[in-house]
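Subject: A structure for you to explore

Hello,

Here is the structure I promised to pass on to you. Have a look at it first, and then read my notes below with the viewer open.

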Protein chains: 2
Amino acid sequence: MVAKTRFGIIGGGAVGGLYGCLLAKVGFDVHFLLRSDADHVRQHGWKIETPLGDFQLAGTKVHVSADTMPPCDYTVIALKTTQNRMLQELLPAPTSEGGRVLVLQNGLDVERDAAAIVGSDRVLGGCCFLCSNKVGPGHIRHLDQGRILVGDYSRAGGQVSQHASMLCDELVMAGIDAKVTADLGTTRWKKLMWNIPFNGLSVVLDASTRDLMDNDESCALARSLMIEVHQAAAACNSIIDEKAIETTLDVTRKMVPYDSSMRLDYLNHRPMELEAIFDKPIRSAEQHGFDMPQVRMLYRALLFLNAQRSKP
Amino acid sequence: MVAKTRFGIIGGGAVGGLYGCLLAKVGFDVHFLLRSDADHVRQHGWKIETPLGDFQLAGTKVHVSADTMPPCDYTVIALKTTQNRMLQELLPAPTSEGGRVLVLQNGLDVERDAAAIVGSDRVLGGCCFLCSNKVGPGHIRHLDQGRILVGDYSRAGGQVSQHASMLCDELVMAGIDAKVTADLGTTRWKKLMWNIPFNGLSVVLDASTRDLMDNDESCALARSLMIEVHQAAAACNSIIDEKAIETTLDVTRKMVPYDSSMRLDYLNHRPMELEAIFDKPIRSAEQHGFDMPQVRMLYRALLFLNAQRSKP
């Protein structure tokens, strides 16, 4: 008998809850590290709504401390990047026997924090093209999309490692639309072509993706920001097919009306992922001699709103 | 006995109410054209709060139709530019004997509508650098600043006409801080250096001038927009001293906390002056080969918010 692949899922939100449960459902050995939702999930299990077929899942292994987690083959980071300072404490136990880390976060170079702890070679990154929200404790509503692109953190535009391929195969076994990418950096920029306009504008203009796509002016705004991100990516040697601009707008137009994670964070008074999604790309482009005036403008507006909200 | 100069004041808001009452107070023959506030002003008079000295004023001449207005030496347009389509109906009576029109509106080339009716030679423009709000019917609260720069619409960068000088002298007699400008177009661009960032950002970021100046990010946003307006002005042959950027920011920093007219219009579900303050400058710069990406971004955001608010 072959030992089952063991996954440690750090974070039980829209991403970790969904993918972790899909993996557990087909029999992988899945260990969730949860905080506030741990008791609820232990008592009532998970409730997953997804176009793949709704399901409930009881009896999953739930931890409230990383110290009780067993060594895992893959430790999946599904926290917000704003919580990355906790990784120092969370990663040692599940990665103690040499397992890999899969970073499922938005933004640029978000693998860096994990790499500093376990070493770049053991870090994989995944970009989720996914509409999913946590709607209650242990209750995930996956609305649309769902692809994960998995790549190696330490290989830029080279071959895909065996580990990335194997992981991808296992995700596919769980019914997840996973593919490998040979250039994780470029894939991250491609995801930023969505995140920067739609996360940012949804907060500043207080709007869903549907609201933004239904109006010519906000559509033009989104396109204009997207073009700037596309150019910044190219300046950083991440060449993305220009068609991606219209494709991304089309996909968003056809999406269910969706509240971006940043908008939900803002509305729920949680920190927004501004460093990963705005600051790092702006700086990276700057280091390559490319200015992002429009994205910087949006970033500054978000920083202002963030500061206003934190006022006593 | 010399006949008193007669002023027709079209609009009794923050600008027309204040300046009209200051003129009436020192004895000029002032005729107000009002709409919703006419009855209140007839019964209770005006209440003017101003750093120049609060005062009340009863018995001013109030009209509800332009047809009852006598021919005026100066007809002052103190309506919002969004109401300019009414000028066709409002201007003929008070200007019937060859009097001048003074356009006290924000934005670029806002004199054009009046000029089309009475001819360019009879049109003067005034830029008000003024913090004033209408707080109730016939009740104006002038908070800070107050300068008017008066110039000829038909002379670009030439001499000041005798009419502009005489009008300026009369405004000064009423205690108004009025000066002439030999280049009205450049003065309008200079005012736009304030209006574009502070009107626009106050709506999109839901903030007073104080909120915007108290935060480094929104300050940087305002400065960055202001620089773009300054450059656009230069492209349109309106050369403004670069020092105006820091001076304008300084003045705003020292101002009383102020809700811009555009913010008040937005909050009170009135149309915003987007054409005069955003569309015309962007187009004008474009015609001179200068692109305004940041201002256009702000403009699009405002158009989106405007459309969202008009939804059923």
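Predicted model: local features only at pLDDT ≥ 70, side-chain atom pairs only at ≥ 80, totals over all residues.

**Domains of chain A**

Where the two domains of chain A meet, 19 residues of domain 1 are in contact with 19 residues of domain 2. On the domain 1 side, the elements that give two or more residues are β8 (123–136) and β9 (139–152) of chain A. Sorted by class, that side has 8 nonpolar, 8 polar and 3 charged residues.

**Where the chains touch**

How many residues does the contact take from chain A and from chain B? There are 19 residues from chain A and 19 residues from chain B. On the chain A side, α8 (216–235) and α12 (293–310) are the elements that give two or more residues. The largest share of this side, 10 residues, comes from α12(A). By class, the side of chain A that touches chain B has 11 nonpolar, 5 polar and 3 charged residues.

**Two helices in chain A**

Because 9 of its 10 residues are buried, α1(A) is largely enclosed by the rest of the structure. Among the buried residues of α1(A) are A:Leu18, A:Tyr19, A:Cys21 and A:Leu22. After α1(A) comes A:Gly27, which has a positive phi near 105°.

Then move along to helix α11 (residues 274–287) of chain A. This helix has 14 residues and reaches 18 Å from its first C-alpha to its last, close to the 20 Å expected at 1.5 Å a residue. Where does α11(A) bend? The bend, of about 30°, is at A:Lys280, and a proline, A:Pro281, follows within four residues. A:Pro281 is itself buried in α11(A), and so are A:Ile277, A:Phe278 and A:Ile282, among others. The cover over the buried residues of α11(A) includes α6 (184–204), α8 and α12 of chain A. A:Gly289 follows α11(A), and its phi is positive, near 75°.

**A strand in chain B**

In chain B, look for strand β8 (residues 123–136). It is largely enclosed by the rest of the structure, because 10 of its 14 residues are buried. Strand β7 (residues 100–103) of chain B runs parallel to β8(B), and 3 bridges join them. In this pairing, B:Val103 stands opposite B:Gly125 of β8(B). With strand β9 (residues 139–152) of chain B, β8(B) pairs in the antiparallel sense over 12 bridges. β8(B) and β9(B) form a hairpin with 2 residues between them, and B:Gly138 in the turn has a positive phi of about 65°.

**One residue in a loop**

Last, find A:Glu242, in the loop between α8 and α9 (243–254) of chain A. Is A:Glu242 buried or exposed? A:Glu242 has 11 other C-beta atoms within 10 Å, so it is exposed. A:Glu242 and A:Ile227 are 15 residues apart in sequence, and their C-alpha atoms are 8.7 Å apart in space.

Enjoy exploring!

Best wishes

Note on methods. Residues numbered from 1 in each chain as written. Chains lettered and ligands numbered in written order. Contact = placed C-beta atoms within 7 Å. Nonpolar A, V, L, I, M, F, W, Y, C, P; charged D, E, K, R; others polar. Expected span 1.5 Å × (residues − 1). Bend = angle between axes of the 7 residues up to and from the residue. Buried ≥ 20, exposed ≤ 12 C-beta atoms within 10 Å, placed from the backbone. Pairing = 2+ DSSP bridges.
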